[in-house]
Amino acid sequence: MSEGRKIVILQTLVVLLSVWLVNQLADRFRVQFDLTEEKRYTISDATKSLLQSLDEDVFFEVYLAGDLPSNFERFQKSIGEMLDQFALESNNRIQYKFTDPAQATNLQARNQFYQSLIDKGVQATNLNYKNADGDKMEKLIFPGTLVSKGMNEVPANLLKGSSAAGPEGILNQSIEGLEYELASAIAQLVDGGTKKVAYITGHGSPDSLDLAGFRSTVLSKFDLFNVSLNGREELNGYDVVAIGKPTQPFTEREKYLVDQYLMRGGNLIYFIDALSVNMDSASGEGTVAIPYETNLTDQLFRYGVRVNQNYVLDVNSGQFPVVAGNMGDQPQIQMIPWPFFPVLTNFSKHPSVRNLDAILGRFVSEIDTVKAEGITKTPLINTSQYTKLLGPPVRVAFNDLRDELRPEKFTDGPKTVGYLLEGKFTSLYANRLIPSGFDKKSFIEKGEPGKVIVIGDGDIIRNDLDPETGEPLGLGVEPFTKTTYANEEFILNILDYMVDDSGLIETRSREVKIRPLDRVKVQQERTKWQIINLVAPVILILIIGGLKWYLRKKKFAKS
């Protein structure tokens, strides 16, 4: 064997061994670089900490698979990429697979599998699209996952976003929220649902069937307790305390318990109705809304907000049934736009409400802020710009809405109906006598950092009853049209924010920019670029081949 041939063989072996070594090192020590502008492939420190703390494998079975349109294939790819990131950070504790729910050939078996997914909490979506041939297609998909750890399992629905953004916008918002939804499911398995939410009973607050949807929603992720303030000496041991639509006054003693809970670093959520209205009296000339006497105004004022005794009417609204006439002895019901029921879609960029779909409000009041030192005030929910503000005395009458709802009559602009307050709160009872029966030595005047959310609508947590069966509907389900709003997701989001000590919910602030092609330009230049893509490689190969032939010919000519 010649010396030159030996050198070639050795060089080949060195190259092959180098490639093998690089592959082995890459498999053992995975390294990647995120060069995207918005760092879409970089997960947050909170998520990394959660993943690195796993002491047991977590398995994701994702049900978005099969024959999908291109935009959902992009969504599917994004899910896989995010789970790959999770696997990398968790030292391969994260495992996953994609399953097509429609793979069963037997129709009965397929429907049973569909129903089992729905029963487990994976939501179905009816997808309408056009295939490559332009034919209209319809398919039931399950854009969600079941996440299991040991014997425990939780669902995570991944297709979430504001319907106002359109189909492509919803997909992009869903991609933005992937890290949070997937990591939140893991956190729920790790924590075991130990966070405790207290719902304050009494004071005329809704209970029983009216709160069935709220209870079901909260219990899906948290422990929920009915708590009476009557006779208690302290309010401790709860991660969040919720006060829902009180219609009767709190005593000073009860307010003191809530106040001192906040001073110890607690988290409060107020769902407040400022006014009471009897809808049975709204026909004809209507009725006047009467203020509720809850005795909470001074407490909220001290914390930094005031719920005004008014109603915000919005052109972007739900509907309400009214009797339009009779046919024989049967009343004819007509659904009319009802601006007292605003459909709220104008959210801030705060992670607790970012990319949230529309929620339904009923008789919503405006919230103003007042001076409160050391408190950060963040508006969460605003109405649309087409609003009308009704101040006291507030008249509610069907006759006032006989004319078409024209935007030019609704010119008061966006109004804030939900606020988040954060910081070290000052007690309502600073420089005041504390209620009798409490130890003055345990009184806290300036609190630990806490959070307060105030919503100017107590009905956001109240579900309706099915008019046909009398059974409670889900939270945010409109009883007559069966339209489902995002009230349930809103409740879970704000609760998640209140109890989140790790900063995981901040991942909902992730932004993935869409950089779409100019469709007009694509259509105009389509033929040109097709020719370039087909012809240019051939020409390039001919040039390289011709140049190589010329150099070879020149070399042999010299020899």
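Colleague: Why is N487 called buried?

Modeller: Buried means under 20% relative accessible area, exposed over 50%, and partly exposed in between, with a 1.4 Å probe and protein chains only. N487 has 2% relative accessibility, so N487 counts as buried. N487 sits in helix α10 (residues 487-499).

Colleague: What touches N487?

Modeller: A contact means heavy atoms within 4.5 Å. Leaving out residues up to four places away in sequence, N487 touches I359, L360, I460, L475 and G476.

Colleague: What are the ground rules here?

Modeller: This is a predicted model, where local features need pLDDT of at least 70, side-chain atom pairs count only at pLDDT 80 or more, and totals for chains, interfaces and linings use all residues. Residues are numbered from 1 along each chain as its sequence is written, and side-chain values use heavy atoms, with hydrogens and water left out.

Colleague: How confident is the predictor in the chain?

Modeller: pLDDT is the predictor's confidence in each residue, from 0 to 100. The chain has a mean of 85, and 88% of its residues reach 70 or more.

Colleague: What makes a run of residues a helix or a strand?

Modeller: Both are DSSP runs, numbered from the N terminus: helices are H or I with at least four residues, strands are E with at least two. The chain has 11 helices and 25 strands.

Colleague: How do you know that the length of α6 agrees with its residue count?

Modeller: The expected span is 1.5 Å times one less than the number of residues. The 14 residues of α6 should therefore span 20 Å, and its end C-alpha atoms are 20 Å apart, which agrees. Helix α3 (residues 70-89) passes too: its 20 residues should span 28 Å, and its ends are 29 Å apart.

Colleague: What makes α6 mostly covered?

Modeller: Of its 14 residues, 12 are buried. Among them are L178, Y180 and L189. Helix α6 (residues 178-191) lies across β1 (58-62), β2, β5 and β6. The helix runs at about 160 degrees to β6. Axes are lines fitted to C-alpha atoms, for helices over the stretch in contact, and angles run from 0 to 180 degrees between N-to-C directions.

Colleague: What makes β2 and β6 edge strands?

Modeller: Two strands pair if DSSP finds at least two bridges between them. Four strands form an open sheet in the order β2-β1-β5-β6, with mixed pairing. β2 (94-98) and β6 (152-157) each pair on one side only. The twist averages 20 degrees from one strand to the next.

Colleague: How do you know that β5 and β6 pair?

Modeller: Six bridges join β5 (residues 144-149) to β6, and the two run antiparallel. G144 stands opposite N157 in β6.

Colleague: Which strands form the eight-stranded sheet, and in what order?

Modeller: The order is β8-β7-β9-β10-β25-β24-β21-β18, again an open sheet with mixed pairing. Its edges are β8 (223-227) and β18 (346-347). Within it, four bridges join β9 to β10 in parallel. Strands β21 (residues 375-382) and β24 (residues 416-426) are antiparallel over seven bridges.

Colleague: What makes β10 mostly covered?

Modeller: Five of its five residues are buried. N267, I269 and F271 point one way, L268 and Y270 the other. Helix α8 (residues 252-263) lies across β9 (240-244), β10 (267-271), β24 and β25 (446-455).

Colleague: Is N431 buried or exposed, and why?

Modeller: Exposed: N431 counts as such because its relative accessibility is 79%. N431 lies in the loop between β24 and β25. Its phi is positive, about 65 degrees, although N431 is not a glycine.

Colleague: And why is F363 called buried?

Modeller: F363 counts as buried because its relative accessibility is 8%. F363 is in the loop between β19 (359-360) and β20 (367-369). Its phi is also positive, near 55 degrees.

Colleague: Where is the cis peptide bond?

Modeller: It joins P392 and P393, with omega about -5 degrees. P393 lies in the loop between β22 (387-390) and β23 (395-396).
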